[in-house]
Every structure is written in structure tokens, then in C-alpha cells.
Amino acid sequence: SVAERRGLKQGQLSLMAITTASYFAPRLLGEFSKLYPGIEVSLRVTNKEQVLASMADGLDDLYLVGQPPEHIDVVATPIMDNPIVVLAAPDHPLAHRKKIPLDRIAAEPWLMREKGSGTRNAIERMFSGHGLNIHPRLELGSNEAIKQAILAGLGISALSRHALALNQPGQFAILDVEGFPILRHWYAVYPAGRQLSVVARAFLDYLLEHGEAAPLSPSIKRSARTRI
Ligand code: PGA
């Protein structure tokens with residue numbers, strides 16, 4: 001409400017986001033701080049291990065992650081879809097095939113994120129759940145490096161569709177593979193038992209209102225939504 005908004009003239013908001021969240025978190029944070037210019041915001045983007053360590057220490061107000069931690073007691077709110085799509089170069093032979101079977105795609109050379117990546121875990125679970133193994137041809141430590149390697153013709157991969165937010169439509173082919181997209185979510189997480197500050201609560205409300213509706217890019221189609 002307007003009254004609450006006036007009450008939010010100043011304060012601090014400290015956020016930590018896992019690397020892949022950097023495709024959407026800064027934009028939402030930017031919009032939020034335009035609404036509340038008196039609030040001092042900080043955003044650290046880092047890897048899963050550091051997010052977990054900082055969460056255990058309770059250093060930040062909110063954490064934006066692809067999967068709530070298992071061994072820390074937290075309140076986790078799904079704020080946005082995070083579909084994992086299979087990407088290839090636009091001239092890839094499978095680019096226009098329909099319903100590519102999972103075992104066919106498993107035989108392709110795969111470009112994989114590093115161990116510990118939530119994206120990689122989701123892909124490996126999908127294939128091993130169907131009794132399939134994929135063979136990484138290259139292991140690369142970032143989504144951007146994976147995208148470059150795909151365009152260089154080194155193989156295929158699967159990434160969060162958010163990772164395409166700044167790419168031109170048609171720059172990558174999104175393959176129509178059975179079982180994909182893997183439907184995941186982004187979560188805003190904070191330690192259970194912690195009282196959220198007024199500012200952090202306002203940002204969480206903002207994420208819930210604007211996360212799904214926020215345009216990613218014209219090239220990105222929304223998939224069917226699932227809520228947990
Ligand atoms: P990541 O993304 O692959 O960069 O770890 C987080 C996640 O999707 O869980």
C-alpha cells in the first residue's frame with residue numbers, strides 16, 4: 001500500500017544470489033530500488049557453497065537460489081519458474097526435429113557445468129532417472145562459457161532459459177527433447193526463526209508480484225507453470 005511504501009523510506013537490504021540468478025536478480029532489484037530510492041541495497045553473486053556458508057552464518061537478509069538447502073532449516077518461497085532447456089547451435093542437425101528421444105540426445109557430446117552446479121545436478125538426475133548416462137565432452141565453469149562452446153559447435157547443453165535473457169531470438173536452437181524443459185523454480189530463502197526486516201519483506205512481496213510477470217526477453221516463451 002501507499003502508506004507502507006512511505007514507511008519504507010530508508011533501510012538496508014542485503015541479498016545473495018547464486019550465479020545463475022544473476023540473469024534476473026539485478027533487474028528486479030533495480031526496479032525495486034527505483035520504487036524505494038532511500039533503501040541501500042547490496043547484491044552478492046556467488047557460488048552455491050558460499051551461499052550455503054553465508055546462509056548458515058545468517059549474514060544476508062535473503063538468498064536467491066535454485067534449490068533450497070537440505071541441511072539448513074529455512075523458509076523457502078518459490079518466486080519464479082526456472083525451466084532448463086536443451087540448447088544447440090541454430091544449424092545443429094537436431095534443431096528442427098520434434099520429440100527427440102532422451103536416449104538420442106544422451107548420445108550427443110555434452111557441455112557440462114562444473115560439479116556442484118544446480119543446473120548440472122538437475123540434468124544428471126533427469127538422465128539417470130531414465131537409466132541413461134551422458135558423457136561430458138567439456139566441463140565449463142559458467143553459463144556464458146557453455147553458450148560460447150555451443151556456438152563454436154563443440155556440443156549441446158541444457159541451461160536455465162533465463163541464461164538466454166540477453167541473447168537475440170534465434171541465436172540458439174532450443175531442442176524439443178522428451179522430458180524437457182525440466183521445470184525448476186527460483187526460491188527466495190531465509191533462515192527459519194529469523195524475523196525478516198520490513199525492507200526484506202517488501203522485497204520478497206515485490207518478487208512474488210513481479211517475478212513471474214517480469215518479461216525475460218521477447219524470444220523467451222513461458223512454459224507451463226507448476227507450483228510446488
Ligand atoms: P547453478 O544454478 O547451476 O549456477 O548452480 C543454481 C541452480 O539452478 O540451482
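**Arg44 and Asp60.** I looked up the contact between arginine 44 and aspartate 60 in this predicted model. Their side chains meet in a salt bridge, 2.7 Å from N to O. The pair links distant parts of the chain, 16 residues apart. I found arginine 44 in strand S2 (residues 39-46). Aspartate 60 sits in the loop between helix H3 (48-57) and strand S3 (62-65). Next I checked accessibility. Arginine 44 is partly exposed, at 39% relative accessibility. Aspartate 60 is buried, with a relative accessible area of 2%.

**Glu139 and Arg120.** I then turned to glutamate 139 and arginine 120, whose side chains form a salt bridge at 3.0 Å, N to O. This pair also links distant parts of the chain. Glutamate 139 belongs to strand S6 (residues 136-140), and arginine 120 to helix H5 (residues 118-128). Glutamate 139 comes out partly exposed at 47% relative accessibility. Arginine 120 has 7%, so I put it down as buried.

**Glu31 and Arg27.** My last pair was glutamate 31 with arginine 27, a side-chain salt bridge at 3.9 Å, N to O. Both residues lie in helix H2 (residues 25-35). They are four residues apart, about one turn of the helix. I read 29% relative accessibility for glutamate 31, which counts as partly exposed. Arginine 27, at 26%, is partly exposed as well.

**Whole structure.** How many salt bridges does a search of the whole structure find? I recorded eight.

Methods. Residues are numbered from 1 along each chain as its sequence is written. This is a predicted model: local features need pLDDT of at least 70, side-chain atom pairs count only at pLDDT 80 or more; totals for chains, interfaces and linings use all residues. Side-chain values use heavy atoms; hydrogens and water are left out. A salt bridge is a side-chain nitrogen of Lys or Arg within 4 Å of a carboxyl oxygen of Asp or Glu. Helices (H or I, at least four residues) and strands (E, at least two) are DSSP runs, numbered from the N terminus. Buried means under 20% relative accessible area, exposed over 50%, partly exposed in between (1.4 Å probe, protein chains only).
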